[in-house]
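The following report walks through one protein model, beginning with the terms needed to read it and then turning to individual strands and loops.

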Amino acid sequence: MGSMLICCLPPATRLVKWPLPAAWYLGAKSNCPGLSESLGWILIDRCGKHFGTILNYLRDDTIILPQNRQEIKELMAEAKYYLIQGLVNMCQTALQDKKDSYQPVCNIPIITSLKEEERLIESSTKPVVKLLYNRSNNKYSYTSNSDDHLLKNIELFDKLSLRFNGRVLFIKDVIGDEICCWSFYGQGRKLAEVCCTSIVYATEKKQTKVEFPEARIYEETLNVLLYETPRVPDNSLLEATSRSRSQASPSEDEETFELRDRVRRIHVKRYSTYDDRQLGHQSTHRD
């Protein structure tokens, strides 16, 4: 089984300028004696998958190579058979470039400006989780556990990014005004914010305290998964993370409730008496 390819004279003439493999003529005479160059036929005992690409290269001296490495290898084998060294060199260069430019599975962008952050969030088709951490933003000394809690926040961010990298866009911000703050976005808008810092009064001076609200961060991360595009909500996830609408007064309609509930800001009390109680015993403020 084979196929007939018809092309105009210039590409075929340019093909003949190369030293053609002897197998062409041997095959034409032994397998199909009735078909010869004098009748305008040349029998090529090769797969015709890439022959159209070969002719395009002969016409234009360049082609757009396939994206798949396997197809580039196949094309290079055909170019070697036809002794087209220019195309062989193109294939070899492309294979080398693809080998050197391996893309990692998980990429975490670090934003450099507010404008860049806005563009990333607006253009993303995935929910977005941003961690802002900047230890140098403190005005006061840190409490004894703050450095450990800041490190735990960063470690949790890394773990979540590895687990959900295919479903959520994770970005880092190291130039913001906060010390440690999580932000959660869905379909281009901000849904929630978890601030992990507070100012506490020690015996003689103020201190900056960094918290590690692990359960709250997990909850908000699961919440943004509900805003995936296309949206395919998990019923169990909806039941576990949705907030009760009974909190709204009967006079409020659905639209008013949605606007009021749009952004949740969760942070520990900004000014408090210093103590080392667990997070569960500290007051939480929402607005």
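Two residues are in contact when heavy atoms of each lie within 4.5 Å. With residues up to four places away in sequence not counted, D173 touches I111, E117, K130, L131, L132 and Y133. This is a predicted model, in which local features need pLDDT of at least 70 and side-chain atom pairs count only at pLDDT 80 or more, while totals for chains, interfaces and linings use all residues. Residues are numbered from 1 along each chain as its sequence is written, and side-chain values use heavy atoms, with hydrogens and water left out.

**Overall picture**

The protein contains 10 helices and 10 strands, where helices (H or I, at least four residues) and strands (E, at least two) are DSSP runs numbered from the N terminus. Of its 287 residues, 36% are buried; buried means under 20% relative accessible area, exposed means over 50%, and partly exposed lies in between (1.4 Å probe, protein chains only). The accessible surface comes to about 17,900 Å², and 52% of it belongs to carbon and sulfur atoms, the areas coming from the Shrake-Rupley method with a 1.4 Å probe and, for residues, with only the protein chains shown counting as cover. Among contacts with a separation of 6 or more, 68% are between residues 24 or more positions apart.

Confidence is expressed as pLDDT, the predictor's score for each residue from 0 to 100. The protein averages 76, and 63% of the residues score at least 70.

D173 belongs to strand β3 (residues 169–173), and it counts as buried because its relative accessible area is 4%. Strands β1 and β3 run parallel and are joined by 5 bridges, two strands being paired if DSSP finds at least two bridges between them. Within this pairing, K130 has I171 of β3 as its bridge partner.

**Two loop residues**

N134 sits in the loop between β1 (128–133) and β2 (141–142), and V105 in the loop between α5 (85–100) and α6 (114–123).

| Residue | Relative accessibility | Class |
|---|---|---|
| N134 | 13% | buried |
| V105 | 69% | exposed |

Leaving aside neighbours within four places in sequence, N134 is in contact with V174, I175, G176, E178 and I179. The side chains of N134 and S136 form a polar contact of 2.6 Å; such a contact is a pair of N or O atoms within 3.5 Å, of which, within protein, one must be able to donate a hydrogen and the other to accept it, and residues adjacent in sequence count only if both atoms are side-chain atoms. I175 also has its backbone nitrogen 3.0 Å from a polar atom of the D173 side chain. For V105, the C-alpha atom is separated by 9.0 Å from that of L162, 57 residues apart along the chain.

**The β4–β5 hairpin**

Strand β4 (residues 180–186) pairs with β5 in the antiparallel sense over 6 bridges, one of which links W182 to V194 in β5. The hairpin has 2 residues between the strands, and Q187 takes a positive phi near 50 degrees. Strand β5 (residues 189–195) is largely enclosed by the rest of the structure, because 5 of its 7 residues are buried.
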